[in-house]
Amino acid sequence: MGTGTFVNERPLNRPRFTGGFDMPLLVALAILIVFGLVMLFSASYDFSGKVYGDPMYMFNRQLMWLGVGMVIFTILAFSDYHYWRKLVVPAMVVSVILLIAVLFVEGEGPKRGLFNGSVQPSELAKLVSVLYLGVWLNAKKQDLQDVSFGLIPLGVILGFVGGLIGLEPDFSAAVTILILGGLLFFLAGGDIKQISILLVVAIIAAVLVSVFTATGRDRMIPFIAGLKNPLDSSDHVRASLGAIANGGWFGTGLGLSRSKYLQLPLPPRDSIFAVIAEELGLVGSIALIALYGFIFWRGFVVARRAPDMLGTLLASGLVTWIAFEALSNIAVMVGLMPFTGNSLPFVSSGGSNLVIMLSAFGMVSNISRQTGEGTITDEEWRSYSAVANLRWGDGRRSVSRARRTQRADQSKPRL
């Protein structure tokens, strides 16, 4: 019937569930969770006994929250992440309401938790922000080059959520959200000029916070002094560096840290890396850092193999967030960053952080279970140029081969 019609876009297979998880990622996560429980028990036994009257109190609570987190992890791992496109707006609304509610908690000092500090809305806000931005950027990817559709709405979203968190004040969480927003904007194919503007604004905001707020000054002045001379660092950092030095290459032995009894503030929480370095030494510390690095790498493998751009954005954002949390905690303990208060993922005590981190891993695991070439078109690839080298290196070639084959078939004479 005449010549065939050439179609520019080949309909690709929809993503499908294979039932298989990324096993290296899950094994690494299991090792990290077990390691975290062991080190938390060591770091919290004396502290928990003094503060709560029960040496097992913090460890038992961590086990309880681990159980809650594993239930949520399992549900999310077996729930199609595409459903989050319908839920991100209600989730963001709930997150904002909680962030506002925490500002009305009575008492002096930072206001970061509800129900006697058991629930920290800023932890939920980090997760929801990654999901919301991933869905929003995926939906707006064709218009990101336009400032009115790209940078300005992004700035409003990040400024509103980050501003609420900054009022607690929790500047580290606000900075985390800002960094993740910029990363996702870049991965979604955002214009480099707009990203540069966002970076400049972020630097200016950081300088203003450091100069004109008491919290910023209290963190920046000791940090800058410590860079010049470690002996002028804050008491927290000096105690941490002392513990690390005492650990040497191979550590004092599991459970044999002396600093956790006397010098280190909050050894089961902010200072737990210093306890690890003292008890397991430099070798153990490097092994832990390598484990986080492996998880980060496997997360980007999942992102590269994701069936669509939404999966790539979510997986990239979630694993980067987890890695940034770990990097921030460790860098603070060795005096390379101002004090942030970020937890060491899956190691520090804290129910909110543990549950939220497991939730993030549940979503990444669900993305890893889905295969197929998705529905990526040429136009989407152009808008996604920022990560062209990150994902689907052979996928694009397979699409090109398929289209060449299609052209060859159409050039054949028809009977």
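**Exercise 1.** What span should the 21 residues of helix H7 (residues 192–212) have at 1.5 Å a residue, and how far apart are its end C-alpha atoms?

*Solution.* The structure is a predicted model, and every step below refers to that model. The expected span is 1.5 Å times one less than the number of residues, so for the 21 residues of H7 it comes to 30 Å.

**Exercise 2.** Find which residues of H7 are buried, and then work out how they are placed around the axis.

*Solution.* Begin with the cut-off, since a residue counts as buried when its relative accessible area is under 20%. In H7 the buried residues are Gln194, Ile195, Leu198 and Ala202. Because they cover an arc of only 95 degrees around the axis, they lie on the same side of H7. The partners of the buried residues of H7 are helix H5 (151–166) and helix H6 (171–187), against which they pack. On the other side of H7, the residues Ile192, Lys193 and Phe212 are exposed.

**Exercise 3.** Decide whether Ile204 is buried, partly exposed or exposed, and say where it belongs on the surface.

*Solution.* Ile204 sits in helix H7. Its relative accessibility is 47%, and therefore Ile204 counts as partly exposed. Ile204 also belongs to a nonpolar patch on the surface, whose members include Leu199, Val200 and Ile203, and the patch has about 770 Å² of accessible area together.

Notes: Residues numbered from 1 in each chain as written. Predicted model: local features only at pLDDT ≥ 70, side-chain atom pairs only at ≥ 80, totals over all residues. Heavy atoms only, no water. Helix = DSSP H or I, 4+ residues; strand = E, 2+ residues; numbered from the N terminus. Buried < 20%, exposed > 50% of the residue type's maximum accessible area, 1.4 Å probe, protein only. Arc of directions from axis to C-beta. Contact = heavy atoms within 4.5 Å. Patch = residues over 30% accessible without salt bridge, like charges linked within 9 Å, V, L, I, M, F, W, Y side chains within 5 Å. Areas by Shrake-Rupley, 256 points an atom, 1.4 Å probe, with all protein chains shown as cover. Salt bridge = Lys/Arg side-chain N within 4 Å of Asp/Glu carboxyl O.
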